[in-house]
Amino acid sequence: MRFSILAIASAAATAVFAAPVSLVKRDRASDIATLNFALTLEHLESEFYRLGLAKFSEADFKHAGFDDKVRDRYVHISQHESTHVTFLTDVIKSLHGDPVPPCKYKFPLDSLDSFLAVSQALENTGTSAYLGAAASLEGDLLTAAGTIVTVESRQSAVINEILGQSGIPYSFDTPLNGREVITIASSLIESCPFELPFRPFTQLTAKLPGKGDVKVETSFYGEKSNVKYWCQFLYNNKVVVSPREQCALPATAVGYVYVVITDSSAPISFKDDSHIIAGPALLFNGSHDDY
């Protein structure tokens, strides 16, 4: 990495303190909030891998049919996430902010399959989260975030390949805004010793179509029979809308795809999520043979 933690933190702090007083307060508070949100996600990932690798041994991976290198890949990813926690903590402190502590989590670690599935969801969501957060940063802090998002993307590619899918399914990745990200992450969070910066949408359960079908089955708490809903699929720089009674998975959505339920057929955007009723949920469609 060309930029050390101290160099980036020092440059960021210098830039902030050189600004006018009113700008300092606004920008520094915004930067710290954005970085703390990233730290919240990194705490979650770091703890997930720590607990998962403590539970599932090399023998467990071998018994599941994986070669010797697969668990080693997860060890490397775990080390990356721990380093990201330290990195973000130091940058926040350099801006005279208070880094958030870890939350209390509820990871589904009852089986190796569950561990692998959650790891895939976390890394793909993590890439989308950093892409979305980039809109709130600039200068050296944007560069600092960029040095992490590229690693998150590589991690998701490795895990996608391990699980039989393409590591690079699309030409474009999908950014998510903070509320969309926390909706996915909150399913793994039991409680936090601080207030989360975004209120999650209603959790959405989504299931891929069976063979020969295209309908994604969805359910969520509070749905009303007299309201018209739409499924919206987010992938590869696209938003594809389908009436919920059809909820047709797009033929080109071969890879990771987010699905949300809305009360409008107007495509949602990164900045306008006002019509989201539930989700996003994250689906992984296809295999190596489909690319």
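Q: How much space lies in the largest pocket?
A: This is a predicted model, and its largest pocket holds about 470 Å³ of space.

Q: Which residues lie nearest the centre of that pocket?
A: A117, A121, I184, S187 and L282 lie nearest the centre, out of 19 residues that line the largest pocket. Two or more lining residues come from each of helix 5, helix 7, strand 3 (204–207) and strand 8 (276–284).

Q: And how do the lining residues of the largest pocket divide by class?
A: They divide into 14 nonpolar and five polar residues, with no charged ones.

Q: What about the second largest pocket, how much space lies there?
A: The second largest pocket has about 300 Å³ of space. It is lined by 16 residues, and G132, S136, N177, G178 and F198 are the closest to its centre.

Q: What lines the largest cavity?
A: Its lining consists of L41, L44, E45, L122, T125, G126, Y130, V181, I184 and A185. Helix 2 (21–55), helix 5 (112–133) and helix 7 (178–185) each give two or more residues to this lining.

Q: Which element gives the largest share of it?
A: Helix 5 does, with four residues in the lining of the largest cavity. The classes there are seven nonpolar, two polar and one charged.

Q: And the second largest cavity, which residues line it?
A: T34, L35, A38, F87, L88, Y130, A133, L137, L141, A144 and A145 line the second largest cavity, where about 60 Å³ of space lies. At least two lining residues come from each of helix 2, helix 4 (68–94), helix 5 and helix 6 (139–162). Ten of the lining residues are nonpolar and one is polar, with no charged residue.

Q: Changing topic, where is D68 found?
A: D68 is found in helix 4.

Q: Why is D68 classed as partly exposed?
A: D68 is partly exposed because its relative accessible area is 42%, and partly exposed covers values between the buried limit of 20% and the exposed limit of 50%.

Q: What is D68 in contact with, leaving aside neighbours within four places in sequence?
A: D68 is in contact with E58 and K62. D68 and E58 are ten residues apart in sequence, and their C-alpha atoms are 7.3 Å apart in space.

Q: Now the chain as a whole: how many helices and strands does it have?
A: The chain has seven helices and eight strands. Of its 291 residues, 48% are buried.

Q: What share of the contacts between residues at least 6 apart in sequence join residues at least 24 apart?
A: The share is 72% for this chain.

Q: Finally, what pLDDT does the chain average?
A: The chain averages a pLDDT of 90, and 90% of the residues score at least 70. Over residues 1–26, however, the pLDDT is below 50, and this stretch has 26 contacts beyond near neighbours in sequence.

How values were computed
Residues numbered from 1 in each chain as written. Predicted model: local features only at pLDDT ≥ 70, side-chain atom pairs only at ≥ 80, totals over all residues. Heavy atoms only, no water. pLDDT = per-residue confidence, 0-100. Contact = heavy atoms within 4.5 Å. Buried < 20%, exposed > 50% of the residue type's maximum accessible area, 1.4 Å probe, protein only. 1 Å grid on protein atoms, 1.4 Å probe; cavity = no way out; pocket = protein on both sides within 12 Å on 5 of 7 lines; lining within 4 Å. Nonpolar A, V, L, I, M, F, W, Y, C, P; charged D, E, K, R; others polar. Points joined across faces, edges and corners; volume = space filled by probe spheres on them.
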